[in-house]
Amino acid sequence: MAAAYSLSSLSTFNLQFSSQSSLIKLPGSSSKLILQIRRSHVISAVISETPPSTSPAKPTTLPIRKIPGEYGLPLIGAWRDRQDYFYNQGRDEFFRSRIQKHSSTVFRTNMPPGPFISFNPNVVALLDGRSFPALFDTDKVEKKDLFTGTYMPSVDLTGGYRMLSYLDPSEPNHAKLKKLMFYLLSHRREHVIPEFHVSYSELFENLESELATKGSASLNAANEQAAFNFLARSFYGASPNDSGLGSDGPKLINKWVLFQLHPLLKLGLPRPVEDGILHTFSLPAFLVKKDYRRLYDFFYQSSSPILDHAETLGISRDEACHNLLFTTCFNSFGGMKIFFPIMLKWVSRAGAKLHHELAKEIRSAGGGTAVTMAAMEKMPLMKSVVYESLRIEPPVSSQYGKAKRDFVIESHDAAFQIKEGDMLYGYQPFATKDSRIFDRADEFVPDRFVGEEGEEMLKHVLWSNGPESGAPSVNNKQCAGKDFVVLAARLLLVELFRRYDSFDIEVAASPLGAAVTVTSLKRASF
């Protein structure tokens with residue numbers, strides 16, 4: 001995405017979107033990059049080629065401890081850990097049991113998929129909120145080809161190019177491509193809110209119709225269609241239904257993503273098939289080539305102004321188009337596909353009291369007019385609910401980084417010597433539910449981030465490959481669309497509670513996120 005967005009290679013730009021106006025202002029140059037939604041009602045983006053300065057690490061005051069854990073015999077150890085991870089224990093218990101065994105939130109283990117997809121699955125796991133942020137420090141860790149972990153899907157799935165998500169900030173193309181993604185996010189910014197309203201009004205109308213005829217309605221498929229339509233309309237000014245794609249976009253994307261992520265997913269297939277094939281061998285890219293081509297053709301035909309801009313950055317139109325497709329379909333669409341059902345699951349479980357409070361706040365601040373940035377800034381509970389959902393069940397659960405040099409990493413209780421070349425792995429739900437950082441860490445607390453003290457805790461919300469209080473830049477790997485994802489989630493809650501007083505759902509397990517069935521929608525009564 002999560003989400004994880006005309007510059008010459010030496011120029012800078014500053015974009016500001018005021019909550020008081022929909023105008024896009026393009027001042028002159030500036031000296032750093034910021035892309036944040038702040039209490040000042042302004043979203044800004046500033047890009048610089050100058051890397052951030054780093055200060056020498058302070059000596060640790062904690063006892064130095066040898067990193068516990070073991071990798072086992074070659075091949076066998078990785079296979080055994082994979083069985084525990086997927087089948088014998090499950091993901092959370094896999095980590096929890098090893099924390100208990102080693103009396104440490106930092107330890108050595110193997111991460112799936114292992115052989116014969118990944119031949120070096122050895123990692124140092126970081127499972128607390130203090131050690132986890134080391135994964136964001138590009139002075140200490142390298143991010144090259146680590147987006148999906150200890151393996152990298154074939155570039156045949158992405159037109160023969162390594163996508164931005166797989167590039168380390170030290171690579172020349174990283175800055176060019178990230179600038180392109182910032183341009184994508186900004187050049188039609190004024191269309192985001194109205195196009196979201198159109199696309200998700202269609203979703204709610206379809207859900208109401210299905211509820212009336214069947215008594216229940218599947219949210220996931222409807223959400224995927226709405227998300228893809230919204231992204232195409234807002235980013236590119238294109239309607240998929242008026243193109244050769246029709247309504248096939250989400251289906252094609254899901255198939256293409258499966259070919260990249262199947263080594264990491266538990267799909268519910270018979271174990272010999274799922275583990276013996278999908279977790280052991282990579283599916284050949286040619287099987288999805290025609291589907292991918294349909295997506296590519298749609299993006300190429302719809303993105304001429306963005307491709308023109310890419311050429312000014314020194315990126316070919318072909319490479320730019322593949323990256324636009326990846327960013328829109330894998331990162332942005334994938335984030336909305338996973339996170340929207342997750343957020344609604346937690347909001348639904350919180351019950352009618354929260355629903356009433358959200359409806360009251362949203363309708364009072366909105367005043368019955370069109371949704372604006374300024375109005376949303378007057379909805380502290382709504383904003384907190386979005387952040388709390390991102391904290392308690394982040395849409396991106398795993399982060400990786402390879403140590404560039406020797407350094408010391410600290411958990412709450414000890415320090416550990418990391419060696420150059422060590423692969424570091426962080427399981428984010430454990431870091432963001434760290435009881436040494438958050439009170440009632442395992443509970444969904446809707447107003448957790450309300451007020452100054454609450455906002456101070458946003459630095460511990462880490463879903464975007466960086467702290468929520470941080471800013472994506474060409475020099476880091478924080479998601480270019482971090483604030484776009486937050487904005488889209490806010491818009492979903494605003495649209496939902498402007499229209500309904502309350503809702504009920506049923507939730508089932510899903511390989512990605514949650515499978516949600518809507519069982520009732522109570523129309524607005526005040």
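How many aromatic pairs does the count come to? The count comes to 39 aromatic pairs, where rings of Phe, Tyr and Trp (its six-membered ring) pair if their centres lie within 6.5 Å. This is a predicted model, so local features need pLDDT of at least 70 and side-chain atom pairs count only at pLDDT 80 or more, while totals for chains, interfaces and linings use all residues. Residues are numbered from 1 along each chain as its sequence is written, and side-chain values use heavy atoms, with hydrogens and water left out.

Phenylalanine 147 and tyrosine 166 sit edge-to-face, at 5.3 Å centre to centre with 75° between the planes (planes under 30 degrees apart count as stacked, over 60 as edge-to-face and the rest as tilted). Both residues lie in the loop between strand E7 (141-142) and helix H3 (172-186), so the pair ties together parts that are 19 residues apart in sequence. Helices (H or I, at least four residues) and strands (E, at least two) are DSSP runs, numbered from the N terminus. Phenylalanine 147 is partly exposed, with a relative accessible area of 31%, whereas tyrosine 166, at 4%, counts as buried. Here, buried means under 20% relative accessible area, exposed over 50%, and partly exposed in between (1.4 Å probe, protein chains only).

Ring pairs also build a cluster, which includes Phe196, Tyr200, Phe228 and Phe484.

What about the nonpolar interior? A nonpolar core is a set of buried Ala, Val, Leu, Ile, Met, Phe, Trp, Tyr and Cys residues joined through side-chain atoms within 4.5 Å. In the largest one, with 113 residues, Tyr200, Trp256 and Met376 touch the most other members. Helix H10 gives the most to this core, with 17 residues. Apart from it lies another core of 18 residues, among them Ile67, Ala134, Phe416 and Ile418. Leaving aside residues up to four places away in sequence, methionine 376 touches Ile193, Val371, Met382, Lys383, Leu487, Arg490, Leu491 and Val494, with contact meaning heavy atoms within 4.5 Å.

Trp256 also turns up among the buried residues of helix H6, along with Leu252, Ile253 and Phe259. Helix H6 (residues 249-261) has 13 residues and reaches 18 Å from its first C-alpha to its last, close to the 18 Å expected (1.5 Å times one less than its number of residues). Cover for its buried residues includes helix H5 (219-236), helix H8 (289-302) and helix H10 (317-350).

Zooming out, the protein has 16 helices and 14 strands, and of its 526 residues, 58% count as buried.
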